[in-house]
Amino acid sequence: MHGVEPLAVAQPPPQAQYARGGSALAVHIYGWLLLLPAAVLLVAFTHYPAVQTLIDSFYSTPRGRRGAVFVGLDNYQTMLADPVFWRALQNNVVYATSVIPLTIALALAMALLINGKIAGRPFLRLSFFTPTVLPMIAVANIWLFFYSPGYGLLDQILGLFDSSTHNWLGDEHTALGCLIAVAVWKDAGFFMIFYLAALQQISPQLAEAAALEGAGRWYFFRRVTFPLLMPTTLFVLVNAVINSFRLVDHIVVMTQGGPDNTTALLLFYIYEVGFKFWDTAYAATLTVVLLVLLACLALGQFLILDRRIHYQ
Amino acid sequence: MFCTKVKWLAAIAAVALVALATGIMTSAATAKDIVLSFYYPVAVGGPITKIIDGYVADFEKENPGIKINAIYAGTYQDTLTKALTAFKSGEPPDIAVLLSTDMFTLIDEDAITPFDDLLKTDADKTWAKSFFPAFMENSQTGGKTWGIPFQRSTIVMFWNKDAFKDAGLDPDKAPDTWDELVADGGKLTKRDASGNVSQWGIEIPSTGFPYWLFQGLTTADDVRLMNQAGTTTYFDKPGVVQALQYWVDLSRKYKIQPEGTIEWGTTPKDFFERKTAIMWTSTGNLTNVRANAKFPFGVAMLPAHQGRGSPTGGGNFYLFKKMANEERDAAFKFVKWMTTPERAADWGIATGYVAVRPDAWDTSKMKKYVADFPAAAVARDQLKYAVAELSTHDNQRVTKALNDGLQAALTGTKTPQQAMTDAQQEAARILKPYQ
């Protein structure tokens with residue numbers, strides 16, 4: 001990715017080797033057989049479920065002895081009229097647009113900090129990376145304690161400044177913000193590793209040359225370091241976007257989407273509809289929306305951003 | 001190259017053979033025994049899994065030839081999800097303890113079998129009638145018995161006697177009406193000069209299943225939330241709105257309860273830490289409170305308003321379909337064994353759940369326990385006033401409509417009237433196909 005030469009492509013085997021096998025057909029079969037293991041996995045776990053989900057979204061939910069019947073766009077109409085869906089979508093937009101830039105900024109800042117020569121570097125690296133190692137469920141349980149009103153860590157710290165107790169997760173104004181903080185805390189360390197690796201690829205000569213020219217540190221970062229990090233930023237961005245739609249474990253532990261759906265994200269709502277209400281058809285409909293949304297985001301990132309990035 | 005391929009093939013074949021042989025051997029070993037899977041949830045504090053494992057071991061000892069795989073499956077919600085997922089994949093558990101309110105859901109999914117066909121002897125028929133009628137309300141519909149009460153509870157009020165003494169109140173008398181609760185709560189709430197609260201008067205939890213605690217208020221206001229058939233709800237009746245107004249007022253008008261939603265799971269901890277002087281919670285927490293409260297505490301029935309009362313709650317035994325006859329008989333035997341008067345008494349003492357049948361309270365063990373710890377009998381006495389827990393068709397969804405409304409009112413996004421009108425509208429929409 002960072003200007004690495006294209007991997008040496010395996011040379012096609014000389015004709016003589018498979019001539020023994022006979023016709024060109026055999027060559028094709030041989031090729032397809034080599035592809036088969038990967039193709040089977042891809043079809044079974046990615047393409048088939050996606051297509052089946054799309055089909056299910058046009059049918060009603062089978063219940064007991066009543067089978068599924070074709071209902072056309074009924075499920076989609078229900079969805080457009082469902083206030084909780086819109087709420088979840090809106091929450092997810094707020095969540096993603098806060099978590100993604102904050103995580104990336106924090107990851108970059110931490111990487112820059114521990115890339116320099118400072119005291120206690122290994123310790124800092126370890127502590128920045130620790131949240132990534134923990135499973136999300138454990139993280140959510142730790143933070144649940146941080147947020148508990150009165151005797152939680154956060155309230156205890158604020159208590160030093162004589163502040164009143166806060167019902168962090170029970171207040172509709174702060175609940176989503178609390179979850180955003182957890183997600184940022186959890187993911188920043190992971191993305192930091194990528195930035196750190198990229199930073200160490202940048203040639204020190206550039207810094208020396210810039211110093212000779214009299215460029216300030218901020219100028220150097222803005223005009224040299226950051227553009228050189230762009231390929232990494234794209235990679236991190238793609239992952240951050242996926243994570244912001246994919247990780248809902250902390251919601252299950254901390255708020256169950258409450259109070260009054262203020263912390264319901266799209267995937268959490270899909271889980272609720274699918275495995276609490278057992279309305280599988282409607283869950284499939286919501287899943288289709290999520291799929292389309294993610295596909296559009298990914299396409300946009302690759303088609304638009306990728307062109308503007310300078311690869312060394 | 002070919003040589004390697006052959007080796008690989010041989011290795012795979014060997015692994016397959018071993019797997020096959022093990023499979024045959026295990027099935028041969030279990031052919032004699034009837035093996036039943038049993039899913040159960042844990043919803044209160046204490047070493048519940050250890051107690052259940054102990055029962056299962058005792059049952060297996062007394063009934064050779066029957067093996068019970070007791071599987072702790074998480075919260076009630078997790079357990080239902082796991083049981084239904086397993087059911088849909090064709091491998092349901094044989095026995096499960098699930099919320100009594102999941103009855104309609106399980107019937108609609110065609111997942112469970114009623115107990116009526118299994119009641120062959122007179123002893124069986126007497127057994128089926130031996131439970132408190134209040135617990136059977138959520139266990140029977142359409143003239144059939146679908147669930148057998150096991151870990152059942154009601155809501156009770158715990159109070160910290162030291163806090164009452166400090167506030168100049170009689171430590172042995174809990175508030176008995178809504179007005180007294182407000183008056184006592186005001187004295188119990190401790191504020192410093194700048195208005196920060198170090199101890200609240202009361203906490204009624206409002207996450208997870210706020211509708212259940214809300215029923216403690218609506219029942220006292222003498223209104224019901226749904227009809228017996230589970231097809232209509234009454235969320236926007238004036239009495240219901242009034243009850244919600246009172247709940248909201250505890251926080252916003254009288255300022256004796258924290259604002260916003262209150263976490264169900266940490267409420268007992270708040271009580272132990274003296275963050276709240278009074279809490280409402282399940283009787284199932286009784287043993288937990290007894291073990292962890294570092295101060296004398298009391299247990300009382302919920303305060304009265306127009307009337308008195310609490311919803312029942314908790315879990316029933318269900319038998320899933322797709323069992324062979326002898327498996328079903330074995331499962332039935334296990335359910336009967338778990339609900340004998342002695343076991344019901346033992347389970348009640350170990351956890352705090354209400355022993356589910358009157359004759360359990362006549363056992364010598366239970367009599368001694370109650371004499372020693374009178375608080376344990378409060379929940380039983382409250383059963384006279386108990387009503388069925390909210391349960392309808394498509395229950396989870398209807399319940400969510402109400403929960404969302406309650407939380408919206410408690411956080412101040414909607415007025416109680418608006419919240420309940422919206423919840424009723426949503427519930428009516430969901431229940432339309434069942435009319």
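Okay, some bookkeeping. Residues are numbered from 1 along each chain as its sequence is written, and chains are lettered from A, with ligands numbered from 1, in the order in which they are written. Since the model is predicted, local features need pLDDT of at least 70 and side-chain atom pairs count only at pLDDT 80 or more, while totals for chains, interfaces and linings use all residues.

So, how confident is the predictor? The scores are ipTM 0.73 and pTM 0.80. For each residue we have pLDDT, which is the predictor's confidence from 0 to 100. Chain A has a mean of 86, with 91% of its residues at 70 or more. In residues 1-10 of chain A, though, pLDDT is below 50, and that stretch has 7 contacts beyond near neighbours in sequence. By contact I mean two residues whose C-beta atoms, placed from the backbone, lie within 7 Å.

Chain B has a mean pLDDT of 89, and 93% of its residues reach 70 or more. Its confidence is lowest in helix α1, residues 2-30, with a mean of 49, and highest in helix α10, residues 238-252, with 96. Where pLDDT is low, the predicted coordinates should not be read in detail.

Let's look at chain A. What is it built from, helices or strands? There are 13 helices and 0 strands in chain A. How big is the box around chain A? Its C-alpha atoms fill roughly 85 × 70 × 30 Å along the principal axes. The radius of gyration of chain A is 25 Å, whereas a compact globule of 312 residues would come out near 20 Å. That radius is taken over C-alpha atoms, and the globule rule is 2.2 Å times the number of residues to the power 0.38.

Of the 312 residues in chain A, 30% are buried. A residue is buried with 20 or more other C-beta atoms within 10 Å of its own, exposed with 12 or fewer, and partly exposed in between, with C-beta atoms placed from the backbone. Take Asp74(A), which sits in helix α3, residues 74-80, of chain A. Asp74(A) has 16 other C-beta atoms within 10 Å, so it counts as partly exposed. From Asp74(A) to Gly152(A) it's 78 residues in sequence and 46 Å in space, C-alpha to C-alpha. Still, 70% of the contacts in chain A with a separation of 6 or more join residues 24 or more positions apart.

Where the chains meet, 23 residues of chain A and 29 residues of chain B take part. The chain A side splits into 6 nonpolar, 10 polar and 7 charged residues. Here Ala, Val, Leu, Ile, Met, Phe, Trp, Tyr, Cys and Pro are nonpolar, Asp, Glu, Lys and Arg are charged, and the others, Gly among them, are polar.

On to chain B, which is divided into domain 1 (12-153 + 313-385) and domain 2 (154-311 + 388-434). Those bounds come from an automatic or database domain assignment. The C-alpha centres of the two domains lie 29 Å apart, and their contact takes 30 residues from domain 1 of chain B and 28 residues from domain 2 of chain B.

Now find strand β12 of chain B, residues 312-320. Why call β12(B) largely enclosed? Because 9 of its 9 residues are buried. Strands pair if DSSP finds at least two bridges between them. Strand β3 of chain B, residues 95-99, runs antiparallel to β12(B) with 5 bridges, and Leu98(B) stands opposite Asn316(B). β7(B) is also antiparallel to β12(B), with 6 bridges, and there Arg152(B) stands opposite Gly314(B).

Last stop: helix α9 of chain B, residues 210-220, where 11 of 11 residues are buried. Among them are Trp212(B) and Phe214(B). What do these buried residues pack against? Their partners in chain B include β7, α10 and our friend β12. Just after α9(B), Asp222(B) has a positive phi of about 65 degrees.

Terms used. Helices (H or I, at least four residues) and strands (E, at least two) are DSSP runs, numbered from the N terminus.
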